[in-house]
Amino acid sequence: MNFTKTLQAFIGLSLIAFSCKQTPQEQPPQQYTIEQFMDVKEIYGGYFSPDESKVLLGSKESGVYNAFEISLETGEKKQLTQATDDGVFPMSYFPNDDRFLFASDKGGNEITHVYVNQLDGMAKDLTPDSAAKANFYGWNYDRTKMFLTSNKRDQRFFDLYWIKLDDIGNESKLYETQLFYQNDKGLNPSIISNDEKFIALHESITTNNSNMYLYSVETGETKLISEHEGDADYSPEFFSLDGTELFYLTNEDYEFMYLKAYNLMTGESRVVEKEDWDIYYSYLSRTGKYRVSVINNDAKTEVKFFDGQTGESLQISGLPEGDISGVKISESENLMSFYMTNSSTPRNLYVYDFRTSEYKKLTDTMSKEINPDDLVAGEVIRFSSFDGMQIPSILYKPKGLKPGEKVPAMLMIHGGPGGQTRLNYTPRLQYFVNHGYAVLAVNNRGSSGYGKTFYAADDLRHGQDDLQDCIESKKFLATLDYIDTDKIGIMGGSYGGYMVMAALAFAPEEFAVGVNYFGVTNWLRTIRSIPPWWESFREALYTEMGNPNTEDSVALYNKSPLFFAHQITKPFIVLQGANDPRVLQVESDEMIEEARKNNVPVEYVLFDDEGHGFKKKENNITASKEVLKFLDKHLKEVK
């Protein structure tokens, strides 16, 4: 468990963006409705069935996520669950039959439970404690038991449990879990060795510094194996098949995360793979025939294949052209599922046969009503900020502009802190650009993916230097002859929503409008009200943001837009989920109430059945419609 990723999960869903190339003298694109853009099917997964005849995936085509399976031979797709309110997120078939596991919560409260979908189609809750949060942690190497984590013993920490496969289906033992590792100190289980003798543990110290431990199941000994000076992050990835080495990612003495191997006998480490960007994750296929590394290459995904035994780089022939991600290799190592995108198409699921070097496309997620040529590609750009730091961003220019035509622009700020806007397809972004708005997605300092120095550059300076990066982006936009520099707004979600409100409160004349998706407005309350299961990351959060129970409370107060709402002069809209456990509804309620005292045009869209981020297609459609209506009224049409 890597804290960089985990903190992003706490304070934010990034509003992720995607792109397409412009060509000279383009024809004006057809204008589409948000319903048409949302008709693009959101999918994830690609888990092989035990006989490798089909794959399991999640799809949002029914309005919320449900489980589907696709036959590899015929391409026939079958819906397996019929959820209408709370999404179903499939995670794995069972090793020997067509039962499968899925996760689900209630109304977006993020207290996820793990369910097994039985052969009769009935779902059984494997973690029925209503107050406990649980996660599926994988199968053991022999596929005789499953591992789960749960905070049912102590809501602050996640223990590791196992359930014997033979007990699943035995009604009297269905919920019997056995404790495998008790987590008393916030040392979170990451990887289990194939012989189940060792567990690699991860400890967050700060958002830029962590430790890695080796726990012996037989002796109960916990050994620190990442002694280091200064800041360095560690992320256990996998054990070697024979259990003699632990492979892990680290940025020790380097800007980017790279792959090393720790010898359990000698205590020595060796470098396995080093890239010019972060290696996001790496893993071995079943018998070690392949090692797969996924690299975060300047906001796009790069996948590399290696011989798992020799480390030799492998060239996999016959793959389609495009940005490949989500690689999963089957147990037989004959097949591989993966996702691919290109500039004008949302991601689709493919399966590749290593024996024939041929692939098959399994999904077609694009709406039949949308011409891919009307979609807009993003261009990765960089601009110099106030102190000379280069800020990477992604620019989206509306198609079909006439010579001399100028359009309004919106900054789009990702969640986090520590998120990253990437070159991915996002319906709402395409919707706004299709309706005449340029978008600049800013990866301000503090964003992940650009090295640990860049990532740490906003620590304890949130709402200051990172906000200044957003303000400085206007200088770049001013160099573009198609931007109406008097009509530049700012939008974002979660931490990005905080940046919106910080911009309006602390730099009230810089942006013409703001669009705040469930953004933090009162840091004192937000940090004090973190869920109990974030206990192991509390100190890391304090180190980055500040401790509300010390003198840091003054700084947290001063960077909280709620207390400076009287300075807001520009219109804004807030979109909030009533069940949000991270940014509580009261934050948005109070922000709206205070800002309205200034007679500033303020709109509020509250969803009673959503949490942090909107999972339901219907609600996303409503949200995007309301935002476009707001922008047209307060930005585009203002003289």
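Tutor: Let us do so, bearing in mind that this is a predicted model. We can begin with helix α10, residues 585–596, whose twelve residues reach 17 Å from the first C-alpha to the last, close to the 16 Å expected at 1.5 Å a residue.

Student: What makes the buried residues of α10 line one face of the helix?

Tutor: The buried residues of α10 are E587, S588, M591, I592 and A595. Seen down the axis of α10, they fall within an arc of 125 degrees, and therefore they line one face of the helix. The elements covering these buried residues include the helices α6 (495–506) and α7 (523–528), together with the strands β35 (572–577) and β36 (602–607).

Student: Why is S448 counted as buried?

Tutor: The relative accessibility of S448 is 13%, and buried means under 20%, so S448 counts as buried. S448 lies in the loop between β32 (438–442) and α4 (452–456).

Student: How do you know that the side chains of D97 and R99 are joined by a polar contact?

Tutor: Their separation is 2.6 Å, which is again set against the limit of 3.5 Å. D97 lies in the loop between β5 (89–93) and β6 (100–104), and, leaving aside residues up to four places away in sequence, D97 touches P50 and L119.

Key:
Residues numbered from 1 in each chain as written. Predicted model: local features only at pLDDT ≥ 70, side-chain atom pairs only at ≥ 80, totals over all residues. Heavy atoms only, no water. Helix = DSSP H or I, 4+ residues; strand = E, 2+ residues; numbered from the N terminus. Polar contact = N/O pair within 3.5 Å; in protein donor to acceptor, adjacent residues only side chain to side chain. Contact = heavy atoms within 4.5 Å. Expected span 1.5 Å × (residues − 1). Buried < 20%, exposed > 50% of the residue type's maximum accessible area, 1.4 Å probe, protein only. Arc of directions from axis to C-beta.
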